[in-house]
Amino acid sequence: MKKIYKTKKWRKFNAKRSLKAIKNKRKRKNKKFIPSKIADNSERKPLENIIAPEEFSFINNTEKVLEYFQLARNYLNLGYPIKFDISQIKTLTPDAIILQIARIKDETFHKKTGIAGNAPNNPELKKLFLESGFYNFVNTPGNKPNGKDTLIHKITKNKVEPQLAKQACLVGLKHAFQNDNIFDPMFDILIEIMQNTNNHAGETRGEYDWWLHIYNDPNTKTAKYTFLDLGLGIFESIPAQNFKRKLSQAIGITNNTSLVKPLFNGEIKSRTARPERGRGIPQVYESSQHKAFNEFIMISNDVHVNMKNLKTIKLNYNFSGTLFYWELKK
Amino acid sequence: MEIKDTIMIAIEFGDTAGARDYEDGDFSGKEFYDKFLLPRFEKALEGKYILLIDLNNFWGWPSSFVSGSFGILSKKFNAETVLKHIKIKCESNPMKEEKAKYIIENPDKK
């Protein structure tokens, strides 16, 4: 036996410790079971199946997709667990996948209530879905299907990330142009929209995450980019609201679609009101006109705008956030 | 005046442009202004020579970056002085020079 265990000090300490342990054991044994009041009152609610629209494309079927998410949100707000059922969809675009991921990861959306889901039955759509990297962001039994290395799935907080923007450009350029030459219009777009999210998506800087997804379509040699944040949305931001107020005072009632041209022209001042600010979205608009961009869509709040021809649609549902989608093609 | 100094931006600063301010993230226009543009421009001004900004192999030229660097310089020293002492070169995209010139001449304009 070690010498220390024979000391008076040790014996005293050990006796005290044993007594305390016996006392605690007795206390635990005699403790009465009191069921939790919360658990008592809350009955387990059934899983609600939310069926995705057959054309599961946010850019092409915006209203229906917004309706789908709104229905899910309503159930989640009432405490029902939900299942995103996309098994029956007939068309799928990458923007819808990334939006679904962003919603699933958004705490203000799921409110810590369970969300289940499935994959499309259609084999081609299922392939796209599995390759999108969706399963990297959700829990799933068994092995997670791997996303292709040509897809970037990125969630980040607070900052503009120039190195990521470069990497994102290269992924699409190698596919669409078969080269890795510098392509400034797309790089500038990425920087400006990252900055826009950082500065304007919330009431304070860097409040919201942004997501970037690239899908290199092997059939069309097109790189499809989706960038989104789930912030306030461009038209609900303070600068846009201030501009809208002034506009409605001058010409009467107005809606968000009337802000599209002033936004792209740089007439809507930045929140800082510093004259040199607010060049970001006008630059995105200017760069979007490059002939390499086959399609360029912006969806924010209740506005859907095709930036190539300024065709603007007022939506019935509000999209809380901003999404840019474009296609790069040689 | 002759060119006596060159900032090879892709080598000295980094190969990508960021946004405007430090709070926006890495490689911001303000960072470029503080660490490279302003000190080297002041030397050029003192030495009465031209500072060349070489943009080859540099990704991007977003307005926020240019405004956060050359726009500030123009406000501090005025457009005429800046354009007298700065030359911008980009073989792959000469439009970058035009854009910087526009922002130097109109630092407050959107």
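Where is the place of A:Phe137 in chain A? A:Phe137 sits in the loop between helix H6 (123-131) and strand E6 (153-157) of chain A. Helices (H or I, at least four residues) and strands (E, at least two) are DSSP runs, numbered from the N terminus. This is a predicted model, in which local features need pLDDT of at least 70, side-chain atom pairs count only at pLDDT 80 or more, and totals for chains, interfaces and linings use all residues. Residues are numbered from 1 along each chain as its sequence is written, chains are lettered from A and ligands numbered from 1 in the order in which they are written, and side-chain values use heavy atoms, with hydrogens and water left out.

Stay with A:Phe137 for a moment. Its relative accessible area is 17%, so A:Phe137 is buried. Buried means under 20% relative accessible area, exposed means over 50%, and partly exposed lies in between (1.4 Å probe, protein chains only). A:Lys159 is 22 residues from A:Phe137 in sequence. In space, the two are 21 Å apart, C-alpha to C-alpha.

Next come the salt bridges. A salt bridge is a side-chain nitrogen of Lys or Arg within 4 Å of a carboxyl oxygen of Asp or Glu. The whole structure holds 15 of them over all chains. One of these pairs A:Asp302 with A:Lys314, with 3.3 Å between the closest N and O atoms. A:Asp302 lies in strand E9 (residues 293-306) of chain A and A:Lys314 in strand E10 (residues 311-328) of chain A, so the bridge ties together parts twelve residues apart in sequence. The two partners can be described by their cover. A:Asp302 is buried, at 12% relative accessibility. A:Lys314 is partly exposed, at 43%.

Now turn to chain B. What about cover? B:Arg40 counts as buried at 19% relative accessibility. B:Asp5 is buried as well, at 17%. B:Glu12 is partly exposed, at 30%.

A:Lys8, A:Lys12, A:Lys16, A:Lys20, A:Lys23, A:Lys27 and A:Lys31 form a positive surface patch. Patches are made of residues with over 30% relative accessible area and no salt bridge, with like charges joined within 9 Å. Take A:Lys12 from this group. A:Lys12 lies in helix H1 (residues 8-30) of chain A. A:Lys12 is exposed, with a relative accessible area of 68%.

Last, the cysteines. How many disulfides are there over all chains? The count is zero, where a disulfide is a pair of cysteine sulfur atoms within 2.5 Å. A:Cys169 is in no disulfide, and the nearest cysteine sulfur, in B:Cys90, is 15 Å away. A:Cys169 is buried, with a relative accessible area of 0%. B:Cys90 is buried too, at 7%.

Notes
Patch = residues over 30% accessible without salt bridge, like charges linked within 9 Å, V, L, I, M, F, W, Y side chains within 5 Å. Areas by Shrake-Rupley, 256 points an atom, 1.4 Å probe, with all protein chains shown as cover. Lys, Arg positive; Asp, Glu negative; His and termini not counted. Charge placed at Lys NZ, Arg CZ, Asp CG, Glu CD.
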